[in-house]
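Here is a short briefing on one protein chain. Look at the structure first, then work through the points below.

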Amino acid sequence: TNVGLALVSVELHVLLMATDIFWTALFARLINREVPSPAGALALAGCFIGSCLVSTNAIDAVEPGDAPLYAIALNLIGPAFQGIVVALLRKSATREIDAENTSYAEFTFLKLCFSALAAFPVALVCEGAAAVATVHLETARFAMSTLLVSGVQLSFTVLATLTSSTSVGVVGTCKVIPQWLLAFVANGTSLSPQHLATHHLQHLAGVVLVTLSALLWAY
């Protein structure tokens, strides 16, 4: 993600990352034989468009600039792998947990261990040992991040056994709404309806579209 972001504009990067919902639906079809209904396909398209509206500026988002093809392809690796991971999570979690071979906590722990083993050497190469050591020395922030990530991953493991992998992807798309609200609160921006309608109509429309699309998918 960081390498891809350095090669293209932020707006184009966000648009390409928002394709994760389509990659999730694709690999859910290939791996788990999930086929969305026409209404479901419409909901997936709505989630994608709404996510783009929330995360980008209208003018900049349609101007990709001179980004080379390899940069665009590199930025698509992240969402494509996310689609594979969600589909495989559904397949493996239902098989192992339903068979009572493991618990939700044990499954999530093993998954995070493999993720850490894969991410750690890459972080050393890309960011350097000094940067990685600095983060780990900040005990409070490191512990809080670990608990937050563990909780989120555990919830996705549970969700993956209860519903389809495409539904997990839809839930993942909905995360742009709290992220958007938290960004506004952190910046001290007013959340009054009048202010949002006047200065952030595009973002507000995106929030509404993501919400309605998620409800359509659930229905």
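**Helix H4 and its buried side**

H4 has these buried residues: Gly40, Ala43, Leu44, Gly46, Cys47, Gly50, Ser51, Cys52 and Val54. The model is predicted, so keep its confidence values in mind; low pLDDT means that the predicted coordinates should not be read in detail.

- H4 has 18 residues, which should span 26 Å at 1.5 Å a residue.
- The end C-alpha atoms of H4 are 26 Å apart, so the helix agrees with that expectation.

**The chain as a whole**

- The chain has 13 helices and 0 strands.
- The chain has 219 residues, and buried residues make up 31% of them.
- Take the contacts in the chain with a separation of 6 or more: 78% of them join residues 24 or more positions apart.
- The accessible surface of the chain is about 12900 Å². Carbon and sulfur atoms account for 72% of that surface.

**How confident is the model?**

- The chain has a mean pLDDT of 81. Of its residues, 88% reach 70 or more.
- Where in the chain is confidence lowest, and where is it highest? It is lowest in helix H5 (residues 58-61), with a mean of 45. It is highest in helix H3 (residues 20-32), at 93.
- Residues 58-64 have a pLDDT below 50. Beyond near neighbours in sequence, this stretch has 6 contacts in the model.
- Where pLDDT is low, the predicted coordinates should not be read in detail.

**Arg33, between two helices**

- Arg33 sits in the loop between H3 and helix H4 (38-55).
- Most residues other than glycine have a negative phi.
- Arg33 is not a glycine, yet its phi is positive, at about 60°.
- Is Arg33 buried or exposed? Its relative accessibility is 59%, so Arg33 counts as exposed.

**Helix H7 and what follows**

- Helix H7 covers residues 104-127, which makes 24 residues.
- From first C-alpha to last, H7 reaches 32 Å. That is close to the 34 Å expected at 1.5 Å a residue.
- Gly128 follows H7. The phi of Gly128 is positive, near 90°.

**Helix H9 and its partner H10**

- How do the axes of helix H9 (residues 139-162) and helix H10 (residues 165-173) cross? They come within 8 Å and cross at roughly 140°.
- On the H9 side, the residues that meet H10 are Phe156, Leu159 and Ala160. They meet Val168, Val171 and Gly172 in H10.
- This contact of H9 with H10 has 5 nonpolar residues, 1 polar residue and no charged residues.

**Two residues in H9**

- Val149 lies in helix H9. Its relative accessibility is 43%, so Val149 counts as partly exposed.
- Val149 and Leu112 are 37 residues apart along the chain. Their C-alpha atoms are separated by 9.1 Å.
- Gly151 also has its place in helix H9. With a relative accessible area of 37%, Gly151 is partly exposed.
- Gly151 and Thr108 are 43 residues apart along the chain. Their C-alpha atoms are separated by 9.4 Å.

Definitions and conventions:
Residues are numbered from 1 along each chain as its sequence is written. This is a predicted model: local features need pLDDT of at least 70, side-chain atom pairs count only at pLDDT 80 or more; totals for chains, interfaces and linings use all residues. Side-chain values use heavy atoms; hydrogens and water are left out. Helices (H or I, at least four residues) and strands (E, at least two) are DSSP runs, numbered from the N terminus. Buried means under 20% relative accessible area, exposed over 50%, partly exposed in between (1.4 Å probe, protein chains only). Contact means heavy atoms within 4.5 Å. Accessible areas come from the Shrake-Rupley method with a 1.4 Å probe; for residues, only the protein chains shown count as cover. The expected span of a helix is 1.5 Å times one less than its number of residues. Axes are lines fitted to C-alpha atoms, for helices over the stretch in contact, and angles run from 0 to 180 degrees between N-to-C directions. Ala, Val, Leu, Ile, Met, Phe, Trp, Tyr, Cys and Pro count as nonpolar, Asp, Glu, Lys and Arg as charged, and the others, Gly among them, as polar. pLDDT is the predictor's confidence in each residue, from 0 to 100.
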